[in-house]
Amino acid sequence: GIPFNIIALANGTVMINPKIVEAGPGTKRVLSNCGSLVLKEPIEVIRWARVVIDYYNARGIKCQTEGYLPTVQHEIDHNRGILITQRQS
């Protein structure tokens with residue numbers, strides 16, 4: 001009964017309950033696609049140019065990371081029920 005949002009990245013990083021705590025300044029328009037939707041080709045989406053993300057790692061230690069991190073922004077959207085098409089520019 002305890003809700004968890006988990007993101008596992010290809011580099012081995014596991015983020016439990018990631019949350020964007022700071023975003024900006026500025027945004028980027030980028031071509032992106034999603035494995036959960038059948039899109040014929042990538043669409044242009046808007047992502048934050050910089051984010052700060054708080055999360056817990058697999059050992060339960062509170063962590064923070066920052067940067068552009070488009071994949072993490074996309075996966076946090078997934079966990080919140082936001083589709084890539086809702087970010088379309």
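**Close-up views of a predicted model**

**View 1. The largest nonpolar core.** The largest nonpolar core is built from 8 residues, namely I7, M15, V51, I53, Y55, C63, V72 and I76. Such a core is a set of buried Ala, Val, Leu, Ile, Met, Phe, Trp, Tyr and Cys residues joined through side-chain atoms within 4.5 Å, where buried means under 20% relative accessible area, exposed over 50% and partly exposed in between (1.4 Å probe, protein chains only). At least two residues of this core come from each of β5 and α1, and β5 gives the most, with 3 residues. Helices (H or I, at least four residues) and strands (E, at least two) are DSSP runs, numbered from the N terminus. This is a predicted model, in which local features need pLDDT of at least 70 and side-chain atom pairs count only at pLDDT 80 or more, while totals for chains, interfaces and linings use all residues. Residues are numbered from 1 along each chain as its sequence is written, and side-chain values use heavy atoms, with hydrogens and water left out.

**View 2. Surroundings of I76.** Not counting residues up to four places away in sequence, I76 touches I7, P18, I20 and I53 (contact: heavy atoms within 4.5 Å).

**View 3. N17 in strand β2.** N17 belongs to strand β2 (residues 14-23). Its relative accessible area is 31%, so N17 is partly exposed. Beyond its neighbours within four places in sequence, N17 is in contact with P3, F4, N5, D54 and Y55.
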